[in-house]
Amino acid sequence: MPCPSCGKPTNVTDKRNEGFRIKRRRKCSICQMRFVTYEYLDSTKFKIVKKNGDIEKYSRDKLKRGILMAVYKRGIDEHMVNDIVDVIEVEIFTRKNHALTTSVLGSLVLTQLRKIDIVAFIRFASVYENYTSIEQFIYKINNL
Ligand SMILES: [Zn+2]
(Lines give C-alpha, C1' and ligand atoms only; values in the text may rest on other atoms or scores of the structure.)
Protein backbone atom coordinates (compact mmCIF):
# COMPACT_ATOMS: atom_id res chain seq x y z
CA MET A 1 0.00 0.00 0.00
CA PRO A 2 1.49 3.37 -0.99
CA CYS A 3 2.08 6.08 1.61
CA PRO A 4 -0.85 8.55 1.67
CA SER A 5 1.64 11.37 2.15
CA CYS A 6 4.48 10.76 -0.29
CA GLY A 7 3.20 7.82 -2.37
CA LYS A 8 6.18 5.57 -1.68
CA PRO A 9 5.74 1.92 -0.61
CA THR A 10 5.09 1.31 3.09
CA ASN A 11 5.96 -1.48 5.51
CA VAL A 12 3.55 -3.35 7.76
CA THR A 13 4.83 -2.99 11.32
CA ASP A 14 2.02 -4.90 13.04
CA LYS A 15 -0.82 -7.14 11.89
CA ARG A 16 -3.70 -8.14 14.10
CA ASN A 17 -6.61 -10.42 13.30
CA GLU A 18 -9.63 -9.04 15.15
CA GLY A 19 -12.00 -11.69 13.84
CA PHE A 20 -14.23 -9.68 11.56
CA ARG A 21 -11.38 -7.48 10.37
CA ILE A 22 -7.62 -7.43 10.01
CA LYS A 23 -5.84 -4.38 11.35
CA ARG A 24 -2.45 -3.41 9.94
CA ARG A 25 -0.14 -0.75 11.28
CA ARG A 26 2.00 0.67 8.51
CA LYS A 27 5.00 2.93 8.35
CA CYS A 28 6.44 4.75 5.38
CA SER A 29 10.14 4.02 4.90
CA ILE A 30 10.73 7.40 3.25
CA CYS A 31 8.79 10.06 5.20
CA GLN A 32 8.22 7.92 8.33
CA MET A 33 4.48 8.56 8.30
CA ARG A 34 2.51 6.03 10.32
CA PHE A 35 -1.04 4.94 9.58
CA VAL A 36 -3.46 2.08 10.11
CA THR A 37 -5.52 0.13 7.58
CA TYR A 38 -8.43 -2.23 8.14
CA GLU A 39 -9.39 -5.09 5.93
CA TYR A 40 -12.95 -6.25 6.45
CA LEU A 41 -14.33 -9.66 5.67
CA ASP A 42 -16.76 -9.64 2.81
CA SER A 43 -20.11 -10.24 4.47
CA THR A 44 -21.89 -10.56 1.11
CA LYS A 45 -20.79 -14.19 0.81
CA PHE A 46 -22.65 -15.13 3.99
CA LYS A 47 -26.07 -16.59 3.44
CA ILE A 48 -28.95 -17.17 5.77
CA VAL A 49 -31.04 -20.29 5.29
CA LYS A 50 -34.59 -19.67 6.40
CA LYS A 51 -36.90 -22.24 7.97
CA ASN A 52 -38.83 -22.67 4.70
CA GLY A 53 -35.57 -23.34 2.84
CA ASP A 54 -35.27 -19.92 1.22
CA ILE A 55 -31.77 -18.48 1.13
CA GLU A 56 -31.06 -14.80 1.53
CA LYS A 57 -27.94 -12.67 1.92
CA TYR A 58 -26.81 -11.96 5.43
CA SER A 59 -27.75 -8.41 6.37
CA ARG A 60 -26.21 -6.61 9.33
CA ASP A 61 -29.02 -4.03 9.19
CA LYS A 62 -31.69 -6.68 9.34
CA LEU A 63 -30.04 -8.42 12.27
CA LYS A 64 -29.64 -5.09 14.04
CA ARG A 65 -33.29 -4.16 13.45
CA GLY A 66 -34.41 -7.44 14.99
CA ILE A 67 -32.31 -6.82 18.09
CA LEU A 68 -33.42 -3.16 18.33
CA MET A 69 -37.05 -4.32 18.37
CA ALA A 70 -36.29 -6.75 21.18
CA VAL A 71 -34.52 -4.11 23.32
CA TYR A 72 -37.16 -1.41 22.71
CA LYS A 73 -37.54 0.76 25.84
CA ARG A 74 -35.18 -1.46 27.81
CA GLY A 75 -32.49 1.18 28.31
CA ILE A 76 -30.16 -0.45 25.82
CA ASP A 77 -28.82 2.06 23.32
CA GLU A 78 -27.83 1.56 19.71
CA HIS A 79 -24.15 1.54 20.66
CA MET A 80 -24.73 -1.57 22.80
CA VAL A 81 -26.71 -3.18 20.00
CA ASN A 82 -23.80 -2.53 17.62
CA ASP A 83 -21.49 -4.23 20.11
CA ILE A 84 -23.80 -7.26 20.21
CA VAL A 85 -23.84 -7.42 16.39
CA ASP A 86 -20.02 -7.15 16.33
CA VAL A 87 -19.70 -10.11 18.69
CA ILE A 88 -22.11 -12.15 16.57
CA GLU A 89 -20.33 -11.20 13.34
CA VAL A 90 -16.98 -12.31 14.73
CA GLU A 91 -18.64 -15.62 15.55
CA ILE A 92 -20.26 -16.15 12.14
CA PHE A 93 -17.61 -14.63 9.86
CA THR A 94 -14.91 -16.87 11.27
CA ARG A 95 -16.89 -20.00 10.47
CA LYS A 96 -15.83 -22.10 7.52
CA ASN A 97 -19.44 -22.64 6.51
CA HIS A 98 -20.82 -19.55 4.81
CA ALA A 99 -24.44 -20.63 5.13
CA LEU A 100 -26.14 -20.17 8.44
CA THR A 101 -29.63 -21.22 9.45
CA THR A 102 -31.94 -18.69 11.08
CA SER A 103 -32.12 -20.86 14.16
CA VAL A 104 -28.33 -20.84 14.61
CA LEU A 105 -28.26 -17.08 14.09
CA GLY A 106 -31.18 -16.71 16.50
CA SER A 107 -29.38 -18.76 19.15
CA LEU A 108 -26.29 -16.56 18.83
CA VAL A 109 -28.43 -13.47 19.41
CA LEU A 110 -30.22 -15.09 22.34
CA THR A 111 -26.93 -16.03 23.98
CA GLN A 112 -25.91 -12.35 23.90
CA LEU A 113 -29.30 -10.98 24.96
CA ARG A 114 -29.55 -13.35 27.89
CA LYS A 115 -26.39 -11.78 29.32
CA ILE A 116 -27.79 -8.25 29.26
CA ASP A 117 -31.59 -8.24 29.50
CA ILE A 118 -34.06 -11.04 30.18
CA VAL A 119 -37.05 -9.13 28.77
CA ALA A 120 -35.24 -8.45 25.48
CA PHE A 121 -34.18 -12.09 25.47
CA ILE A 122 -37.77 -13.35 25.81
CA ARG A 123 -39.07 -10.87 23.21
CA PHE A 124 -36.45 -11.94 20.70
CA ALA A 125 -37.04 -15.62 21.40
CA SER A 126 -40.78 -15.32 20.91
CA VAL A 127 -40.35 -13.56 17.56
CA TYR A 128 -37.48 -15.63 16.24
CA GLU A 129 -38.62 -19.05 17.23
CA ASN A 130 -42.09 -20.36 16.64
CA TYR A 131 -42.81 -21.99 19.94
CA THR A 132 -45.96 -24.02 20.06
CA SER A 133 -45.79 -24.52 23.81
CA ILE A 134 -44.30 -22.90 26.89
CA GLU A 135 -42.49 -26.19 27.62
CA GLN A 136 -40.69 -25.90 24.30
CA PHE A 137 -39.63 -22.38 25.17
CA ILE A 138 -38.38 -23.35 28.62
CA TYR A 139 -36.52 -26.29 27.12
CA LYS A 140 -34.82 -23.88 24.72
CA ILE A 141 -33.82 -21.46 27.48
CA ASN A 142 -32.40 -24.26 29.58
CA ASN A 143 -30.37 -25.56 26.68
CA LEU A 144 -28.72 -22.32 25.59
ZN1 LIG B 1 5.72 8.60 2.96
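Before placing any residue, I note that helices (H or I, at least four residues) and strands (E, at least two) are taken as DSSP runs, numbered from the N terminus. I also keep in mind that the model I am reading is predicted.

**Entry: Lys73.** I looked up Lys73 and found it in the loop between helix H1 (60-70) and H2. Its phi is positive, about 55°, although Lys73 is not a glycine.

**Entry: Gln32.** With 10 other C-beta atoms within 10 Å, Gln32 is exposed.

**Entry: Asn82.** I placed Asn82 in helix H2, which covers residues 78-93. Asn82 has 13 C-beta neighbours inside 10 Å and therefore counts as partly exposed. I also checked Asn82 against Ile67, and from C-alpha to C-alpha the two are 9.5 Å apart in space, while 15 residues separate them in sequence.

**Entry: domains.** I finally looked up how the protein chain is divided, and I found domain 1 (10-40) and domain 2 (43-142). How far apart do the C-alpha centres of domain 1 and domain 2 lie? I noted a separation of 32 Å between these two centres.

How values were computed. Residues are numbered from 1 along each chain as its sequence is written. This is a predicted model: local features need pLDDT of at least 70, side-chain atom pairs count only at pLDDT 80 or more; totals for chains, interfaces and linings use all residues. A residue is buried if 20 or more other C-beta atoms lie within 10 Å of its own, exposed if 12 or fewer, and partly exposed in between; C-beta atoms are placed from the backbone. Domain bounds come from an automatic or database domain assignment.
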